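Subject: Structure handover

Hi there,

Here is the structure I promised to pass on. Could you have a look at it alongside my notes below?

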Amino acid sequence: MVSLYETNFTGKLPDSIGNLKAMTNLLLYTCNFYGSIPRSLANLTSVAEIDISYNKFEGTIPAFGDFSVPKLQDLRLSFNLLTGKIEPRIFTLPSLKILYLNDNRLSGVVGEFSASSSVLEKVYLNGNNLSGGIPRSIFEIPSLSFVSLAANKFTGSVKMDAFQNLENLTSLDLSFNSLTIGADKQDLVFPMLEEMKLSRCNLTEFPAFLKNLEQLRTLNLSNNQIRGLVPKWLWTSSLNELDLSENEVDFPNGHEENGTFSPLGKLTMRSCNVSEFPEFLKVTDSLWYLDLSGNKMEGKVPSWIWKSSLQYVNISHNSLDSIQEFYPNITLDLLATLDIRGNSLRGSLPRGICKLSSLSILDASHNKLNGSIPECLGMMVSLSVLNLQRNKYTRIPSNFAPASKLRSLNINGNLLEGNLPRSIANCKMLEVLDLGNNMITDTFPFWMDKLPDLKVLVLKNNKFYGQIQLPATRNFSLPKLGIIDLSSNNFTGDLPRDFLESLDEMLMNRKSKSAAFKTIGQYEYYQDSVTIMSKGYEMVLVRILTIFVSLDLSNNRFVGQIPEEIGELKSLVVLNLSRNGFEGGIQPSLGDLVELESLDLSQNKLSGNIPQQLTGLTFMSAFNISYNNLTGSVPRGNQFETYTNDSYIGNVGLCGQPLSKKCTSDDPVPQPPLLSDGGSSEKESLFDWRFAVSGYGCGVVVGSALGYTFLPNFRYGRGRRVKLGRWGRK
């Protein structure tokens, strides 16, 4: 046995691994191996188990043959970067019972094979690019119990009758393809089927064949075109998990029979056009997960929806205006996540929230709550996330000392006044602090160096004032702070060099940071977000990456020269020093910020030439030096060929393209620098800044995976021994 799983081993597997003829188990999952899978792996005649999932293997699947691996029972290659086709013979290996090929980049048509020669029990092909029709052979493997073909590009019609001969079928997932699901018979029986997922399968009605699935415990019919009321035979079933999201369906009210949905533990009905809380919830006592977000519910949240069994409640993005107090005889000691954002809640939160001893995430943002933020919220020892942004609160709690587990505090966009509570310094685990867009009056909070994990600090658009003068009595450092927004305040004086040198996270380049690449504020059912400004456009980062590094000091009263040390902030992606009183020349050291994608120095008092070194910033797609006193010719080459007149307007002394003013002999045109070999492919831009312009007036919502996309953190598949995150399965 070779067992190196869940380690930091890296590199390529040697072809000589095929010489280990007596090896029975090869377990290398969740490491950092890369390169091609050695062809010799298919010659391990004694091996019974191969698990090399969760690595970065590329290339095609080795040509496993009947006689080369006669004892292989368990093959797991999932969560890699494998490409090419799936050869049909892999389904008929003489001893193979478990096959995980999910979450790779496999493509092409899966060919037919001899189902009678297969002993497979579990087949996971989900999360690839497989196309064409689903091979009928898969429906005929007599021993098959688990099959997932989800999130591919399969097409055609699938008759559920084809699965009827699979007497051991326990789980079936055909979601997220381009399939049409139907049945010739309505009395189909699957005696062992416990889980069925048919999300986005072009269904227009509730499949009648579901009536006879007495063992069914998990049903997902989300993202179809089903309309109307949920039929009685479904809501009187023995389901434990039900997802009907993204269908225009609702439950009939007036049905509260004992036993209705009695075992239901998880109900998900996002964006279903639901107008009222389903009344059957009154008699459902085992519910632990309730998601009714994105519907059309109005009025009060009734007390009867709160059950002692609840752990997760999401009723966000409705039109609810108040929450009734919890019943005194109901204890909600298990409730960990309460998401009520995006409603029309007025007044105060119910007092009972302060008694939720397990509450970890509370998001009441984007409502109309007013008055003082309840003092008890700063004293909840279990709280990790407190998001109250975009309400009308006027006072912040004075004591956060007990909130030792708080990792994210967002009160952006309220009416908060007064000083910033020093007790926040006791929240030693705090990573995100967003107090922007209030009326807080204070000096720069140097006591934040007591927050060793702070990664995001947003104080924009308040009444902070004075110089950023570091304390001389101690060494000051903000070691992990990667996003700083102090814009639109009244900070004055020079920008201190020692302040810039205290920003350790910004001093690191991306290569040295790659090992620490991760998402900030990601929880099992919740993701932090933060709003930043660039070029005057507001963007919501729905995932906060550690590689996104931003410094915004715009619209203050800083004066003097821009410190040369700013060129040492190698990680910066966004730098905004606009609308200040900076004088002197543009520092040539800015040319050392090789990760920079957006630079705004507009509306200052800068003079002299544009440094030629800036043309080396080959990923800087947003550039603004307008309304200064700059002179000379505009540099040429690389990204400077893409900037328009708007980047330079208000500098009467500038000349050369793209300006209409031509340079004279006194204004020599500098030669463009040579782009280093491969320079254009060293990294991809984190964000297409041109899109930001298109979002003017309504903001831009930005997600991020390896860069910025509009997809959720979606990993559709099953692995083992590894958490898949928000959307995966443990």
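Lysine 480 counts as partly exposed, at 35% relative accessibility (buried means under 20% relative accessible area, exposed over 50%, and partly exposed in between, with a 1.4 Å probe and protein chains only). Before I go on: this is a predicted model, in which local features need pLDDT of at least 70 and side-chain atom pairs count only at pLDDT 80 or more, while totals for chains, interfaces and linings use all residues. Residues are numbered from 1 along each chain as its sequence is written, and side-chain values use heavy atoms, with hydrogens and water left out.

The side chain of lysine 480 forms a salt bridge with that of aspartate 453, at 2.9 Å from N to O (a salt bridge is a side-chain nitrogen of Lys or Arg within 4 Å of a carboxyl oxygen of Asp or Glu). This pair links distant parts of the chain, 27 residues apart: aspartate 453 sits in the loop between strand 36 and strand 37, and lysine 480 in the loop between strand 38 and strand 39 (483-485). Strands here are DSSP runs of E, at least two residues long, numbered from the N terminus. Aspartate 453 is partly exposed too, with a relative accessible area of 23%.

The structure holds 15 salt bridges. Another one joins lysine 455 and glutamate 431 at 3.3 Å, N to O. Lysine 455 lies in the loop between strand 36 (439-440) and strand 37 (456-458), and glutamate 431 in the loop between strand 34 (417-418) and strand 35 (432-434), so parts 24 residues apart in sequence are tied together. Both lysine 455 and glutamate 431 are buried.

Aspartate 363 and arginine 341 also meet in a salt bridge, at 3.5 Å from N to O. Aspartate 363 is buried, with a relative accessible area of 0%, whereas arginine 341 is partly exposed at 24%. Shared partners join Asp339, Arg341 and Asp363 into one network of salt bridges.

Seven strands form an open sheet in the order 38-40-46-48-50-52-53, with parallel pairing (two strands pair if DSSP finds at least two bridges between them). Strand 38 (465-467) and strand 53 (653-655) are at the edges with a single partner strand each, so one side of each has no neighbour in the sheet. Within the sheet, strand 46 (residues 557-561) pairs with strand 48 (residues 581-584) over three bridges, and valine 559 has glycine 581 as its bridge partner in strand 48.

Happy modelling!

Note on methods
Helix = DSSP H or I, 4+ residues; strand = E, 2+ residues; numbered from the N terminus.
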